[in-house]
Amino acid sequence: MSIEMIPDSTAAPDDAVAMRRKAFVDAARELFFANGYAGTTMSSIASKVGGSKTTLWTYFPSKEDLFAAVVDDIVAQYGDALAIDLPLDEPVPDVLRTFGNLLMTKLTATPILSLFRLVVGEAERFPHLAETFYERGPRRGKARAAIWVGEKMVRGELRMGDPMRAVQQFTGLCQSGIYQFAMLNLPESRDLDRLRGDVDAAVDTFYRAWRPDD
């Protein structure tokens with residue numbers, strides 16, 4: 001994947017240090033996506049930027065640290081769903097529908113899909129990559145949503161249970177349709193109407209299972 005297909009790093013280039021760091025993160029992202037984690041070396045990243053490994057090491061002591069920076073950068077750009085407002089005074093289905101649509105729009109964005117494929121492809125050889133990705137992305141968003149779900153349970157708007165399990169079930173339902181095609185880069189993944197339909201179905205199924213008993 002060409003780096004031109006991805007928005008620039010979110011690092012603010014307000015000085016030479018920030019600009020240099022940005023260049024290393026952008027170069028690493030392009031090379032990780034093109035060659036995989038194992039196939040990318042610190043030397044190749046430094047060479048692409050036009051610097052030395054010694055300079056690169058002053059910013060990132062290891063390739064793992066650089067990978068974590070790439071994850072953070074992509075999450076910062078596409079992780080709106082992790083910070084979306086989840087109002088407690090609005091009906092559960094309405095909030096979940098808004099959250100689900102934003103979540104799936106972001107999860108099917110090319111950079112997020114590329115990052116996920118990279119992590120899955122390297123997870124067996126480099127399990128720490130999967131841990132880094134999950135901790136800095138999905139876990140943050142699910143933990144925040146679980147707080148909202150837990151409060152809705154306390155208020156009696158959802159039946160009592162494990163809030164995190166409920167969130168995992170909802171996000172799993174959202175990802176059960178078009179997302180599967182998107183992961184495989186199939187043409188069906190471009191059907192945005194169907195993506196919204198997947199979210200509507202997820203909300204309906206989830207609420208049927210978790211709404212309070214009459």
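Q: Let's start with Met19. Where does Met19 lie?
A: Met19 lies in helix H1. Keep in mind that this is a predicted model.

Q: Okay. Is Met19 buried, exposed or partly exposed?
A: Met19 counts as partly exposed, because its relative accessibility is 48%, and the cut-off for exposed is over 50%.

Q: And how far is Met19 from Leu56?
A: Their C-alpha atoms are separated by 13 Å. Along the chain, Met19 and Leu56 are 37 residues apart.

Q: Let's zoom out. How many helices and strands does the protein have?
A: There are 12 helices and 0 strands. Reading along the sequence gives the pattern α-α-α-α-α-α-α-α-α-α-α-α.

Q: What does the C-alpha trace span along its principal axes?
A: About 65 × 35 × 35 Å.

Q: And what share of the residues count as buried?
A: Of the protein's 214 residues, 42% count as buried.

Q: What about contacts between residues 24 or more positions apart?
A: If you take the contacts with a separation of 6 or more, 68% of them come from residues 24 or more positions apart.

Q: Which domains does the domain assignment give?
A: It gives domain 1, covering 13-61, and domain 2, covering 75-210. The C-alpha centres of these domains lie 31 Å apart.

Q: How many residues of each domain are in contact with the other?
A: On the domain 1 side it's 6 residues, and they are in contact with 10 residues of domain 2.

Q: New topic: aromatics. How many aromatic pairs does a search of the whole structure find?
A: The search finds 9 aromatic pairs. One of them is Phe32 with Tyr37, a stacked pair with 5.6 Å centre to centre and 25° between the planes.

Q: Are those two buried or exposed?
A: Phe32 has a relative accessibility of 1%, so Phe32 counts as buried. Tyr37 is at 4%, so Tyr37 counts as buried too.

Q: What kind of aromatic pair do Tyr37 and Phe67 form?
A: An edge-to-face one, with 5.8 Å centre to centre and 85° between the planes.

Q: Which parts does that pair tie together?
A: Tyr37 is in the loop between helix H1 (16-35) and helix H2 (42-49), while Phe67 is in helix H4 (residues 63-78), so the pair ties together parts 30 residues apart in sequence. Tyr37 and Phe67 are both buried.

Q: Which residues form a cluster with them?
A: The aromatic cluster is formed by Phe32, Tyr37, Phe67 and Phe126.

Q: Which charged end sits over the ring of Tyr37?
A: That's Lys63, whose charged end sits 4.3 Å from the centre of the Tyr37 ring.

Q: And which one sits over the ring of Trp210?
A: The charged end of Arg159 does, 4.3 Å from the centre of the Trp210 ring.

Q: Last stop, Asp198. Where does Asp198 lie?
A: Asp198 lies in helix H12, which runs over residues 192-210.

Q: Is Asp198 buried or exposed?
A: Asp198 is buried, yet has no salt bridge. The nearest side chain of opposite charge is Arg194, 4.7 Å away.

Q: Why doesn't Arg194 count as a salt bridge partner?
A: A salt bridge needs the nitrogen within 4 Å of the carboxyl oxygen, and Arg194 is 4.7 Å away from Asp198.

Q: So what does Asp198 touch?
A: Not counting residues up to four places away in sequence, Asp198 touches Cys174, Gly177 and Ile178.

Terms used
Residues are numbered from 1 along each chain as its sequence is written. This is a predicted model: local features need pLDDT of at least 70, side-chain atom pairs count only at pLDDT 80 or more; totals for chains, interfaces and linings use all residues. Side-chain values use heavy atoms; hydrogens and water are left out. Helices (H or I, at least four residues) and strands (E, at least two) are DSSP runs, numbered from the N terminus. Buried means under 20% relative accessible area, exposed over 50%, partly exposed in between (1.4 Å probe, protein chains only). Lys and Arg count as positive and Asp and Glu as negative; His and the chain ends are not counted. Contact means heavy atoms within 4.5 Å. Rings of Phe, Tyr and Trp (its six-membered ring) pair if their centres lie within 6.5 Å; planes under 30 degrees apart count as stacked, over 60 as edge-to-face and the rest as tilted. A charge sits over a ring if NZ of Lys or CZ of Arg is within 6 Å of the ring centre and within 35 degrees of the ring normal. Domain bounds come from an automatic or database domain assignment.
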